[in-house]
Amino acid sequence: MNTQSDAIAGSPMQSPESMPAARAMYWSIRRELWENRSIYIGPLAAAVVFLFGFVINMFAMRRHIAASPLDPAQQHDLLANGYELSGALIMGTALIVGVFYSLDALYGERRDRSILFWKSLPISDLTTVLSKLTIPILILPLVSFVISLATQFVMLVLSSLILQGSGVNITALWSEASFFHVSVVLLYHLLTVHGLWYAPLYGWLLMVSAWARRAPFI
């Protein structure tokens, strides 16, 4: 009986040492999301701007197809370029947001003295730094992935509605849009390139944010 109790108490699910640390990390990441809305507003704004331009381009493409019909290969190339550009714009915006976030992550707390409040909480410095490092390495790529996937789906719906009756094969447009394959490739690219590949850069920027007395960007 005692053996079973010891085994349960020492299991990862019931460990008193691991749960507070995991909970502190969770709430630290949520605090970063609360205080830095640019983490999701930046990529979302880029997606909205691109969708506005995409709608204008679709109406122009409809008039162009009505004047001089394109073969299926040309139609596919024109539409595929839009999907690639949307992902590139959102990922580029996320990279810029990650750079500015890292530079201000620790400097901003020293500037407005909020670091004194967080120092009074039972959260270690390691947890605080790791939570801030997790934002550009993991959270921003995941946010960019979700927004990119939603943007491409909206693009597919809008292009189907606008190009309906213009001679474009809408059925082929949906059948060629492999969301599973594209999403897997996009997620892999975001996590490896925009996350792990730039991790040393984000670490350096966080160090600058903690060290610089003023103007960390310079």
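**Notes on the model**

1. Let me start with Thr-134, which touches Met-25, Ile-29 and Ile-139 when residues up to four places away in sequence are not counted; a contact here means heavy atoms within 4.5 Å. Thr-134 sits in helix 7, and at 16% relative accessibility it counts as buried. Buried stands for under 20% relative accessible area, exposed for over 50%, and partly exposed for what lies in between, with a 1.4 Å probe and protein chains only.

2. A word on the ground rules. This is a predicted model, in which local features need pLDDT of at least 70 and side-chain atom pairs count only at pLDDT 80 or more, while totals for chains, interfaces and linings use all residues. Residues are numbered from 1 along each chain as its sequence is written, and side-chain values use heavy atoms, with hydrogens and water left out.

3. On confidence, the chain averages a pLDDT (the predictor's confidence in each residue, from 0 to 100) of 78, and 72% of the residues score at least 70. Helix 1 (residues 2-9) has the lowest confidence, at a mean of 44, and helix 10 (residues 199-211) the highest, at 91. Over residues 1-19 pLDDT stays under 50, and the model has six contacts beyond four places in sequence for them. Where pLDDT is low, the predicted coordinates should not be read in detail.

4. The overall make-up is ten helices and zero strands, counted as DSSP runs numbered from the N terminus (helices: H or I, at least four residues; strands: E, at least two). Buried residues make up 36% of the 218 residues in the chain. Of the contacts between residues at least 6 apart in sequence, 83% join residues at least 24 apart.

5. Back in helix 7 (residues 125-162), please look at Ile-147. Ile-147 counts as buried, at 12% relative accessibility. Leaving out residues up to four places away in sequence, Ile-147 touches Tyr-40, Pro-43, Leu-44, Ala-47 and Ile-90. Its C-alpha atom is separated by 10.0 Å from that of Ser-86, which is 61 residues apart along the chain.

6. Which residues are buried in helix 10? They are Tyr-202, Leu-205, Leu-206, Val-208 and Ser-209. Seen down the axis of helix 10, the buried residues fall within an arc of 160°, so they line one face of the helix; the arc is that of the directions from the helix axis to the C-beta atoms. On the other side of helix 10, Pro-200, Trp-204 and Trp-211 are exposed.

7. The whole structure holds four aromatic pairs. Rings of Phe, Tyr and Trp (its six-membered ring) pair if their centres lie within 6.5 Å, with planes under 30 degrees apart counted as stacked, over 60 as edge-to-face and the rest as tilted. Tyr-26 and Trp-27 are edge-to-face, at 5.3 Å centre to centre and 75° between the planes. The rings of Phe-100 and Phe-217 have centres 5.4 Å apart and planes at 5°, so this pair is stacked. That pair links distant parts of the chain, with Phe-100 in helix 4 (residues 72-105) and Phe-217 in the segment after helix 10, 117 residues apart.

8. One backbone detail to check is Ala-215, whose phi is near 45°, a positive value in a residue other than glycine. Most residues other than glycine have a negative phi. Ala-215 lies in the segment after helix 10 and counts as partly exposed, at 37% relative accessibility.
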